[in-house]
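My entries follow in the order I took them.

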Amino acid sequence: MKQALLIIDMLNDFVIEGAPLEVPSTRAILPGLQKRLAQARQEGIPVLYVCDAHRSDDREFSRMGWPPHAVKGTSGSRIVDELAPLAGEPVLEKTTYSGFYGTDLERVLKDLGAEELILTGCVTNICIFFTAADAVMRGYRVRVPRSLSANLDDGDGQFAFEQMEKILGVRVDP
Ligand code: ZN
């Protein structure tokens, strides 16, 4: 089965200490994610980046209550150096939780012939969860390695892993 590795929202504004929407556990998953990324590249598994890229007046800030983060063009919106994309690796910009909403993700995956998506990054119960749901509804198989998915709150993360397994048929790997 043709796989694709998706790295979601591993951006300076989520990862760096003191960042506006810091998710401290992203730093704990970083070494494992670097290893997985290197492995995928070596095995020829396509790597795609799905990244928040907000306007400075995005409704996510006013209506959903998030502090401004990942504003397009700022250094905070850049992928962390440790996971920097190589030339030719698609970087898809999104403005909300699902990587499919308003992006070219589906077309890119189709062009690659991907059938199974490995979702990694942050955070489990938000962007990973909603991207997993949209992927499943589009007929993709989805795997989420627990050790490569960062939580803002461990209880929320645990709930999301369980929902993905039970409701979406996602395979949650160690
Ligand atoms: Zn956002």
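**Zinc site**

I began with the spacing of the zinc donors along the sequence, which reads D-x1-H-x5-E-x8-H. The protein donors are Asp-52 (OD), His-54 (NE2), Glu-60 (OE) and His-69 (NE2), and they lie 2.0 to 2.2 Å from the zinc ion. Donors here are N, O and S atoms within 2.8 Å of the metal (3.2 Å for Na, K and Ca); water is not among the atoms, so sites may look incomplete.

This is a predicted model, in which local features need pLDDT of at least 70 and side-chain atom pairs count only at pLDDT 80 or more, while totals for chains, interfaces and linings use all residues. Residues are numbered from 1 along each chain as its sequence is written, and side-chain values use heavy atoms, with hydrogens and water left out.

Next I checked the geometry. Ideal angles for four tetrahedral donors are 109.5 degrees. The four donor atoms around the zinc ion subtend 91 to 169°, which makes the arrangement irregular. The cut-offs: four donors are tetrahedral if all angles lie between 85 and 135 degrees; four are square planar and six octahedral if opposite donors are over 155 degrees apart and all others between 65 and 115; anything else is irregular.

Are Glu-60 and His-69 buried or exposed? Glu-60 is buried at 3% relative accessibility. His-69 is buried too, at 1%. Buried means under 20% relative accessible area, exposed over 50%, and partly exposed in between (1.4 Å probe, protein chains only).

**Fold**

I noted six helices and seven strands. Along the sequence the pattern is β-α-α-β-α-β-α-β-α-β-β-α-β. The radius of gyration is 15 Å, close to the 16 Å that the globule rule gives for 174 residues, so the protein is as compact as a globular protein of that length. Helices (H or I, at least four residues) and strands (E, at least two) are DSSP runs, numbered from the N terminus. The radius is taken over C-alpha atoms, and the rule is 2.2 Å times the number of residues to the power 0.38.

The C-alpha trace spans about 40 × 35 × 30 Å along its principal axes. Buried residues make up 52% of the 174.

I then looked at Ala-4 in strand S1 (residues 3-8). Ala-4 is buried, with a relative accessible area of 0%. Its C-alpha lies 6.2 Å from that of Ile-118, 114 residues apart along the chain.

Most residues other than glycine have a negative phi, and most peptide bonds are trans. Asp-9 has a positive phi of about 55° although it is not a glycine. Asp-9 sits in the loop between S1 and helix H1 (12-15) and is buried at 1%. Ala-70 has a positive phi of about 45°. Ala-70 lies in the loop between helix H3 (59-62) and strand S3 (91-94), buried at 0%.

The peptide bond from Cys-122 to Val-123 is cis, with omega near -20°. Val-123 belongs to the loop between strand S4 (116-122) and helix H5 (124-137).

**Cavity**

How many cavities of 30 Å³ or more are there? I counted one. A cavity is a set of points on a 1 Å grid over the protein atoms alone where a 1.4 Å probe fits but cannot get out; lining residues have an atom within 4 Å of a point. The largest cavity holds about 120 Å³. Its lining has 14 residues, of which Phe-14, Leu-21, Trp-66, Val-123 and Ile-126 lie nearest the centre.

Conventions: 1 Å grid on protein atoms, 1.4 Å probe; cavity = no way out; pocket = protein on both sides within 12 Å on 5 of 7 lines; lining within 4 Å. Points joined across faces, edges and corners; volume = space filled by probe spheres on them.
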